[in-house]
Amino acid sequence: MTNLTCDRLRAGRIWIAAALLALVLGVCSAAPVAAWAAPDGDQAYPSDGGSSLSTDDLSWYPSDPSQFKDFHSSTAPRVVDNADLLTNAEEAELLAHINDMRERLNMDFVFVSENSSYGLTRQQYAADFYTFNGYGVGEDFAGVIYFVCMEPGNRGFFTAACGSAQELMTEDNVNAMDDATIDLFKDGEYGKAIELQFNNLDTLYTEGELPVDPTPLAIGGGGLIAFGLFWGTTSLGRKKRRMRTVAQAANARDYVVGAPVFTVNSDVITGTNVVRVPYVEPSSGDGGGSSFSGGFGPSGGGGGHSFSGGGRSF
């Protein structure tokens, strides 16, 4: 085979390889890039955890909040569990409890759960849902709404009181109720947490104050105290029975054995400065901390509602 023939073969091979490479690159560049999509049944959220939804996706949200006029609705549902946190039985029980509270206390109570806050803060969503759906009693629209959000990166709850109901929604009461439920939410005991919250709200607005310990462990704590008193009394009785009783002597001198010896003990501390500082109770705000605001209202709304409340992340 001549050198000319070999050169031609090499050139042919190079040309074929180049053509194949060009073909492969062309196919790859023409192929569309597959967009990320959530599994079936899941809402797609941006990687930063914020919801892609907005108030435009809410059927009850006014197109122009600045033109909204306040109104009362007796037919709006008082339990709206869109995040499916409650069983059917729990939902029915909660609704019955809320209806009883509304009748006895002459104010409104609402529970709502969602898988998104639709671009609003949890505080603002609670206020908007309450205002734009016509909840509240009387001219000041008195009542309380409890909102639980299950949005990834934005999971938490918020309690907002409106009108005269704000009087008891103090920072101490908000923190106490949040402390009572936060661990239940973290453990996924949503039904128990929501039931406890409305039990505490019932106590707060019926008695004017919360129990000393508004957690489910309050009864157990009393049982432990009773058990401790019982155990201490019986233990003391056993020890007393084991003590030896010394016979009474004729005079006081008989009790003295040898001459008494007195010693003087003293501690001297030098070069020490003692600084007194006020004791600060440790914060129990693990999981996001409670917030408290006096007088926030609906987003850009034309209504005159004012709210106070707080909540936690979990």
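**Aromatic pairs and buried residues in a predicted model**

The structure holds 22 aromatic pairs, where rings of Phe, Tyr and Trp (its six-membered ring) pair if their centres lie within 6.5 Å, and where planes under 30 degrees apart count as stacked, over 60 as edge-to-face and the rest as tilted. This is a predicted model, in which local features need pLDDT of at least 70 and side-chain atom pairs count only at pLDDT 80 or more, while totals for chains, interfaces and linings use all residues. Residues are numbered from 1 along each chain as its sequence is written, and side-chain values use heavy atoms, with hydrogens and water left out.

One of the aromatic pairs joins Phe111 and Phe198 in an edge-to-face arrangement, with 6.5 Å centre to centre and 80° between the planes. This pair links distant parts of the chain, since Phe111 lies in strand E2 (residues 108-114) and Phe198, 87 residues apart from it, in helix H5 (residues 190-207); helices (H or I, at least four residues) and strands (E, at least two) are DSSP runs, numbered from the N terminus. Phe111 and Phe198 are both buried, a term that means under 20% relative accessible area, as against exposed at over 50% and partly exposed in between (1.4 Å probe, protein chains only).

Tyr125 and Phe129 form a stacked pair, 6.1 Å centre to centre and with 20° between the planes. Because they are four residues apart in helix H3, Tyr125 and Phe129 are separated by about one helical turn, and both are buried. Helix H3 (residues 122-132) has 10 of its 11 residues buried, so it is largely enclosed by the rest of the structure; among the buried residues are Arg122, Asp128 and Thr131. H3 is followed by Gly134, whose phi is positive, near 80°. Ring pairs also place Tyr125 and Phe129 in a cluster whose members include Trp60, Phe71, Tyr118, Phe147 and Phe307.

Strand E6 (residues 307-313) contains Ser308, which counts as buried because its relative accessibility is 5%. The side chain of Ser308 makes a polar contact with the side chain of Gln166 at 2.8 Å; such a contact is a pair of N or O atoms within 3.5 Å, where, within protein, one must be able to donate a hydrogen and the other to accept it, and residues adjacent in sequence count only if both atoms are side-chain atoms. The C-alpha atoms of Ser308 and Leu168 are separated by 9.5 Å, although these residues are 140 residues apart along the chain.

Turning to the cysteines, Cys149 counts as buried at 0% relative accessibility, and Cys162 counts as buried at 1%. The structure holds zero disulfides, a disulfide being a pair of cysteine sulfur atoms within 2.5 Å.
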